[in-house]
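Please keep the structure open while reading.

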Amino acid sequence: MAARRTERLLNLVICLLHTRSFLTAERIRELVPGYEEAPSDEAFKRMFERDKEDLRDLGIPMETGIGAYDDEIGYRVVRTDYALPDITLEPDEAAAIGLAARMWSTATLGGPATRALRKLEAAGVEVTPLPEGLQPRADSAGVALPVVADAAREGRRLRFDYRGASEASPATRRVEPWGTVWWRGRWYLAGQDLDRKAPRVFRLSRIVGEPVAEGAVGSVVVPDGLDLTALVSSFDSGAADAQARLQVRRDRGIGLRRQAVDVAEHNADWDLLTVPYIDADRLVEQVLPYGPDVVLLAPEEARAVLVRRLRTLVGVPA
């Protein structure tokens, strides 16, 4: 559904850009592919109103006026208002954009991020490699992020399988989504858990498979004055209440060494680190980028998560 909606919005922009006169809503309904899916006039009006609001949110300047041969209000987009001026980037600005694109390299938006980097390089921007251990990326939200974000924006209920931190197998959750939040390097969904009848926060990387959006658009009402970040933070204690033992190759694992509360020499090539951590999933995501330079020795809970992640990476059933 999200892909069809995006395609319809793109068709609408193209249509409004290529007209000099104002087009009425009925004329737009005839010309723009996607609106034929509306089962009734009322459904089309709701769909068109949502699309106009989306274009305004995207900063696309839509003009309204009366055409030369019509008495009804029409719409158009003036090319001079829509076109962007030439964009020049200072070295630090280009570096920031390159950093942001790399962050998405392993997530759902990896394809667009890679194309953006190629365009930067074609324009003469040199994208240099980052220091060892500092490669940014989005957490493994997978296919969940776009589906969850669309459902929250459209006000539709969600159903998905979710594996909690202490759960051996996933359980089905039914949620009224209020919004998504990027908090401490992870994507979270905040909303009303319909089965537990209480607000809950869900880490997107723990959603198993693809969520399903259900119900009519606008059926979910977000509480007035809701602070999503405050809600997510209230479910995250943020305190590292456990410790992991890591074997780290000498002069490697700089990021882990900075977090360590104890570093001891193991032999001529390896050190033993004691690193505080909040949960096993987050610890494993810190360890994985170092590859063979870091060995996770304990606890067993984190080792099990690491094995499961490695099996997934090489395509071996967990």
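**Notes on the model**

1. Start with helix 7, residues 144–154. Eight of its 11 residues are buried, so the helix is mostly covered, given that buried stands for under 20% relative accessible area. The buried set consists of A144, L145, V147, V148, D150, A151, A152 and E154. Note that D150 and E154 are in that set. Just after the helix comes G155, with a positive phi of about 70°.

2. The model is a predicted one. Its protein chain holds 11 helices and 12 strands. Of 318 residues, 37% count as buried. The accessible surface of the chain is about 18500 Å². Carbon and sulfur atoms hold 53% of that surface. Take the contacts with a separation of 6 or more: 57% of them link residues 24 or more positions apart.

3. Strand 6 covers residues 186–193. How much of it is buried? Seven of its eight residues are, which leaves the strand mostly covered. Strand 6 has antiparallel pairings with strand 5 and with strand 7. Strand 5 (residues 171–183) is joined to it by eight bridges. Strand 7 (residues 198–203) is joined to it by six bridges.

4. W183 has R186 of strand 6 as its bridge partner. A190 faces V201 of strand 7.

5. Check the two hairpins here. Between strand 5 and strand 6 lie two residues, and R184 in this hairpin has a positive phi near 50°. Between strand 6 and strand 7 lie four residues, and K197 in that hairpin has a positive phi near 55°.

6. Four strands make up an open antiparallel sheet, in the order 10-11-9-12. Its edges are strand 10 (262–265) and strand 12 (294–298), each with pairing on one side only. From one strand to the next, the twist averages 25°. In general, strands of a sheet pair through backbone hydrogen bonds.

7. Within this sheet, strand 9 (residues 242–249) and strand 11 (residues 270–277) run antiparallel and share eight bridges. Q243 sits opposite P276 of strand 11. Helix 11 (residues 300–314) packs on the sheet and touches strand 11 and strand 12. The direction of helix 11 is at about 135° to that of strand 12.

8. Helix 11 also includes L310. L310 belongs to a nonpolar surface patch with L313, V314 and V316. Together these residues have about 380 Å² of accessible area.

9. Last, R8. This arginine lies in helix 1, residues 2–17. Why does R8 count as buried? Its relative accessible area is 7%, and the cut-off is under 20%, so R8 qualifies. What does R8 touch, apart from its neighbours within four places in sequence? Its contacts are V32, P33, G34, Y35, M47 and D51.

Technical notes
Residues are numbered from 1 along each chain as its sequence is written. This is a predicted model: local features need pLDDT of at least 70, side-chain atom pairs count only at pLDDT 80 or more; totals for chains, interfaces and linings use all residues. Side-chain values use heavy atoms; hydrogens and water are left out. Two strands pair if DSSP finds at least two bridges between them. Axes are lines fitted to C-alpha atoms, for helices over the stretch in contact, and angles run from 0 to 180 degrees between N-to-C directions. Contact means heavy atoms within 4.5 Å. Buried means under 20% relative accessible area, exposed over 50%, partly exposed in between (1.4 Å probe, protein chains only). Accessible areas come from the Shrake-Rupley method with a 1.4 Å probe; for residues, only the protein chains shown count as cover. Patches are made of residues with over 30% relative accessible area and no salt bridge: like charges are joined within 9 Å, nonpolar side chains (Val, Leu, Ile, Met, Phe, Trp, Tyr) within 5 Å. A salt bridge is a side-chain nitrogen of Lys or Arg within 4 Å of a carboxyl oxygen of Asp or Glu.
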